Amino acid sequence: MNGKKVITMKDIARELGVSVATVSRALKDSPRISQERKLLIQNFAREHNFTPNLIAESLRHSRVQPLKVIGVIIPELVHYYFSTILQGIEEEASAHGYRIMVAQSGEHYEREVQLCQSFYENKVCGIIVSQAKDTQRYDHFQRLIDAGVPLVFYDRISTGVEASRVVVDDYMGAYHAVNYLIETGCRRIAYFGSQMNLEIAKNRFNGYKDALLKRGLPFDPSLTRICDNRPDAEMMTPELFDGDYYPDAFFAVNDDTALGILYTVKRMGLRVPEDISICGFTNDIHAVSCDPMLTTVEQYGNRVGEEAADVLIGHVEGTIPLDHVERRVVRTKLIIRGTTR
């Protein structure tokens with residue numbers, strides 16, 4: 001984890017033209033391997049400074065499991081959705097006899113890199129992570145994988161590395177929400193979303209855009225903003241009403257942003273949903289404490305957390321091979337309330 005590429009058993013197997021199982025047996029001095037081949041593999045491993053992940057290895061092959069600790073990196077602890085995911089991770093981990101060690105990146109790449117290093121040094125048996133908003137380099141994740149540390153992404157995945165992931169169906173969740181707005185008579189639907197380096201941002205934007213085009217409505221870039229929090233929503237919403245043709249609906253990437261829109265349009269004297277329909281994405285606790293209550297897309301964070309922990313434990317205990325990329329999708333559901341017609 002010092003920045004140099006860490007050689008794995010898979011690398012040794014590829015270089016020497018043998019199976020990973022053969023490499024594993026040779027490194028354990030198994031009598032099932034010829035002395036000549038055993039020495040070839042052991043010398044190659046020594047020359048290339050191969051170090052096995054003893055923690056994960058012991059957990060996969062021993063009933064005595066002294067370090068059943070999972071590292072969890074969360075972007076923001078105060079975010080309702082991430083807190084429900086954390087709850088799901090903890091419940092599933094606890095049910096299997098694991099504990100969790102939690103840290104937040106604060107949406108910063110540098111902090112995320114430090115946390116990956118810290119978890120590795122503290123010998124966690126695996127890491128569950130949702131990447132920070134400004135993460136655009138993935139070397140720190142790849143180093144964990146190369147070192148044999150099981151890694152599972154949730155919600156915000158990294159397409160730059162091959163690792164297991166658990167996500168919600170962001171595209172279909174957005175598509176169905178915008179389609180519903182159109183069915184209820186909306187024709188100029190604004191979109192407030194996250195920066196497009198995030199996969200979930202791309203998927204929700206594409207769901208929004210495709211729903212418009214499928215129903216014969218034009219995509220108007222002037223109705224879109226990079227805006228994924230309440231303060232920015234309160235600042236940017238009035239901008240869309242400066243011209244002659246203003247929106248009759250908003251689809252927001254999360255509920256926090258949707259509530260900022262709701263507060264602002266009401267302050268501007270517009271009626272919701274008679275003049276403006278609003279739909280969010282999360283279904284957090286604030287969605288039912290506003291007036292009118294918020295139409296939104298349920299993400300089922302608890303289930304996402306349970307699935308992420310299940311996959312990680314599967315990698316650690318060997319029921320899911322480390323070199324297998326597990327992809328799981330949690331379905332969303334549109335929750336219709338008072339902010340839509």
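**A walk through the predicted model**

A search of the whole structure turns up 0 disulfides. The model is a predicted one. A disulfide needs the two sulfur atoms within 2.5 Å. Both cysteines are buried: cysteine 279 has a relative accessibility of 1%, and cysteine 290 has a relative accessible area of 18%.

Just after H12 comes glycine 318, with a positive phi of about 90°.

Valine 152 counts as buried because its relative accessibility is 0%. Beyond its neighbours within four places in sequence, valine 152 is in contact with Ala308, Val311, Leu312 and His315, among others. Glutamine 87 is 65 residues from valine 152 along the chain, and their C-alpha atoms are separated by 16 Å.

Now for the backbone. Most residues other than glycine have a negative phi, and most peptide bonds are trans. Some places in this model depart from that pattern. A cis peptide bond joins valine 272 to proline 273, with omega about 10°. Proline 273 sits in the loop between helix H11 (255-267) and strand E9 (277-279). The peptide bond from aspartate 291 to proline 292 is also cis, with omega near -5°. Proline 292 belongs to the loop between E9 and strand E10 (296-298). Asparagine 283 lies in the loop between E9 and E10. Asparagine 283 is not a glycine, yet its phi is positive, about 65°. At 14% relative accessibility, asparagine 283 is buried.

Glutamate 107 also has a positive phi, about 70°, although it is not a glycine. This residue leads on to the charged pairs. Side chains of opposite charge can pair when their charged atoms come close. The whole structure holds 14 salt bridges. In one of them, glutamate 107 meets arginine 156, at 2.7 Å from N to O. The pair links distant parts of the chain, 49 residues apart: glutamate 107 is in the loop between E2 and H6, and arginine 156 is in the loop between E4 and strand E5 (164-168). Both partners are buried, glutamate 107 at 11% relative accessibility and arginine 156 at 7%.

Another salt bridge joins glutamate 239 and arginine 225, with the closest N and O atoms 3.3 Å apart. Glutamate 239 lies in the loop between helix H10 (230-236) and strand E8 (249-252), while arginine 225 is in strand E7, 14 residues away. Glutamate 239 is partly exposed, at 39% relative accessible area.

The last stop is glutamate 326. Its salt bridge with arginine 328 has the closest N and O atoms 3.1 Å apart. Salt bridges with shared partners join Glu307, Asp310, Glu326 and Arg328 into one network. Glutamate 326 is buried, at 18% relative accessibility.

Terms used
Residues are numbered from 1 along each chain as its sequence is written. This is a predicted model: local features need pLDDT of at least 70, side-chain atom pairs count only at pLDDT 80 or more; totals for chains, interfaces and linings use all residues. Side-chain values use heavy atoms; hydrogens and water are left out. Buried means under 20% relative accessible area, exposed over 50%, partly exposed in between (1.4 Å probe, protein chains only). Helices (H or I, at least four residues) and strands (E, at least two) are DSSP runs, numbered from the N terminus. Contact means heavy atoms within 4.5 Å. A salt bridge is a side-chain nitrogen of Lys or Arg within 4 Å of a carboxyl oxygen of Asp or Glu.
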